[in-house]
Amino acid sequence: MRCKGSDYRTIMQTTVKKTLNVLLPLALGAAILWWMYKEFDFRQMADTLHHGMNWGWMAFSLVFGILAQVFRGLRWRQTLDPLGEHPRRSTCIHAVFISYAASLLIPRIGEVTRCGVLNRYEGTSFSKAIGTVITERIIDSLLLLTVIVIVAFSQLSVLNDFFQHTGTDFTDLLHRFTTMGYVVTFVCLLVTAVFLWFLLRRFRISTNLRKMLADIKAGILSLRNVQNKALFTFYTLAIWVSYFLLFYITFYSFPFTQHLGLHVGIVTFSVCSIASVAPTPNGMGPFHFAVKTMLVLYGVAATSAETFVLIVHAVQTALIPLLAVYSLICLSLRKRA
């Protein structure tokens with residue numbers, strides 16, 4: 001059967017879109033890495049790998065990378081309970097492992113992937129699961145924002161140096177905004193919000209879409225009915241403490257960072273967490289730039305800082321597909337829901 005012209009165009013547009021979703025983030029990260037490492041002496045990194053680092057500390061840090069994802073899976077399972085969804089905890093953890101690997105291919109696709117895994121192997125409502133993921137992200141963002149604010153006020157001078165080194169001057173940017181500029185911006189945002197509200201009110205939604213949106217809403221609000229909120233709080237804190245230890249313990253793997261204190265780890269972790277929001281595979285590029293800049297500000301030689309971040313990011317990224325393969329093998333031995 002021959003495809004119609006419109007069908008062919010649709011297929012091509014979808015293919016191009018999917019291709020760009022993969023290639024553009026990868027190209028962005030690769031461009032930043034090329035810019036950072038175009039004059040880098042990789043022989044020094046090879047020497048560090050063989051003779052200049054403690055692999056015991058590096059391996060120990062990866063334990064917390066695994067724990068962070070385990071705690072995320074357990075917390076996710078907890079938010080699904082109030083919705084009448086009771087997937088196995090192990091499946092939730094496997095879904096999280098797989099989602100991180102999926103995000104290496106297409107940034108941000110992991111959230112959808114883990115909901116799909118749960119639907120496939122446990123029969124969990126996809127739309128309800130999406131709603132709980134949105135709730136998780138809101139909670140995580142608020143917690144991270146709180147930490148960043150505290151760090152910003154405690155390390156103002158260092159952060160100011162960071163923005164100057166990266167060419168970001170927020171003071172100058174704000175001075176360029178007049179009172180009328182603020183008013184116009186506010187009015188534009190308000191008009192946009194009102195327009196979208198009227199558009200949604202007037203748009204006729206099908207029954208299936210209404211049900212899906214209702215399920216997503218229920219998932220978002222599921223936090224209100226979580227049975228053990230103290231346990232939810234513990235999981236949330238454990239996730240981020242584990243992420244921090246995954247990063248900070250690597251300081252002890254290298255002679256040029258092992259002297260850095262806990263406060264340096266917290267500040268650098270906060271900055272690289274912001275940088276990792278960029279849509280590149282596992283923060284590739286922006287993560288390297290942010291960590292290298294912060295370490296240099298704290299007295300680490302530029303070449304040593306570049307060596308540190310390149311090795312740490314590579315090792316931690318390598319862990320992700322290994323966990324995904326393990327989860328895929330485990331799930332393949334099960335029957336689908």
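Which helix among the elements of the chain has the lowest mean pLDDT, and which has the highest? Helix H8, covering residues 170-175, has the lowest, with a mean of 47. Helix H3, covering residues 55-80, has the highest, with a mean of 94. These values matter to the reader of this structure, as it is a predicted model.

**Confidence and overall make-up**

For the chain as a whole, the mean pLDDT is 76, and 64% of the residues reach 70 or more. Over residues 203-207, pLDDT stays under 50. For this stretch the model has two contacts beyond four places in sequence. Where pLDDT is low, the predicted coordinates should not be read in detail.

The secondary structure of the chain consists of 14 helices and zero strands. Of the 337 residues in the chain, 41% are buried. The chain exposes about 19,500 Å², and carbon and sulfur atoms supply 68% of that area. Among contacts with a separation of 6 or more, 76% are between residues 24 or more positions apart.

**Helix H11**

Helix H11 takes in residues 229-248. Its 20 residues, at 1.5 Å a residue, should span 28 Å, and the C-alpha atoms at its ends are 28 Å apart, so the two values agree. At the start of H11, a side-chain oxygen of Asn 228 comes to within 3.3 Å of the backbone nitrogen of Ala 230.

Is Ser 242 buried or exposed? Ser 242 counts as buried because its relative accessibility is 5%, and the limit for buried is under 20%. Leaving aside neighbours within four places in sequence, Ser 242 is in contact with Phe 64, Leu 67, Ala 68 and Phe 71.

Pro 321 is in helix H14, which covers residues 302-332. Its relative accessible area is 34%, so Pro 321 is partly exposed. Which residues does Pro 321 touch, not counting those up to four places away in sequence? They are Ala 101 and Leu 104. Pro 321 and Ile 98 are 223 residues apart in sequence, while their C-alpha atoms are 7.8 Å apart in space.

Arg 137 is in helix H6, which covers residues 126-154. With a relative accessible area of 32%, Arg 137 is partly exposed. Beyond its neighbours within four places in sequence, Arg 137 is in contact with Arg 72 and Glu 111. Arg 137 and Glu 111 are 26 residues apart in sequence, and from C-alpha to C-alpha they are 9.8 Å apart.

**Cysteines**

How many disulfides does a search of the whole structure find? The search finds zero. A disulfide is a covalent bond between the sulfur atoms of two cysteines. Cys 272 counts as buried, at 3% relative accessibility, whereas Cys 330 counts as partly exposed, at 24%.

The table lists the accessibility of the residues discussed above.

| Residue | Relative accessibility | Class |
|---|---|---|
| Cys 272 | 3% | buried |
| Ser 242 | 5% | buried |
| Cys 330 | 24% | partly exposed |
| Arg 137 | 32% | partly exposed |
| Pro 321 | 34% | partly exposed |

Methods
Residues are numbered from 1 along each chain as its sequence is written. This is a predicted model: local features need pLDDT of at least 70, side-chain atom pairs count only at pLDDT 80 or more; totals for chains, interfaces and linings use all residues. Side-chain values use heavy atoms; hydrogens and water are left out. A disulfide is a pair of cysteine sulfur atoms within 2.5 Å. Buried means under 20% relative accessible area, exposed over 50%, partly exposed in between (1.4 Å probe, protein chains only). Helices (H or I, at least four residues) and strands (E, at least two) are DSSP runs, numbered from the N terminus. The expected span of a helix is 1.5 Å times one less than its number of residues. A polar contact is a pair of N or O atoms within 3.5 Å; within protein, one must be able to donate a hydrogen and the other to accept it, and residues adjacent in sequence count only if both atoms are side-chain atoms. Contact means heavy atoms within 4.5 Å. Accessible areas come from the Shrake-Rupley method with a 1.4 Å probe; for residues, only the protein chains shown count as cover. pLDDT is the predictor's confidence in each residue, from 0 to 100.
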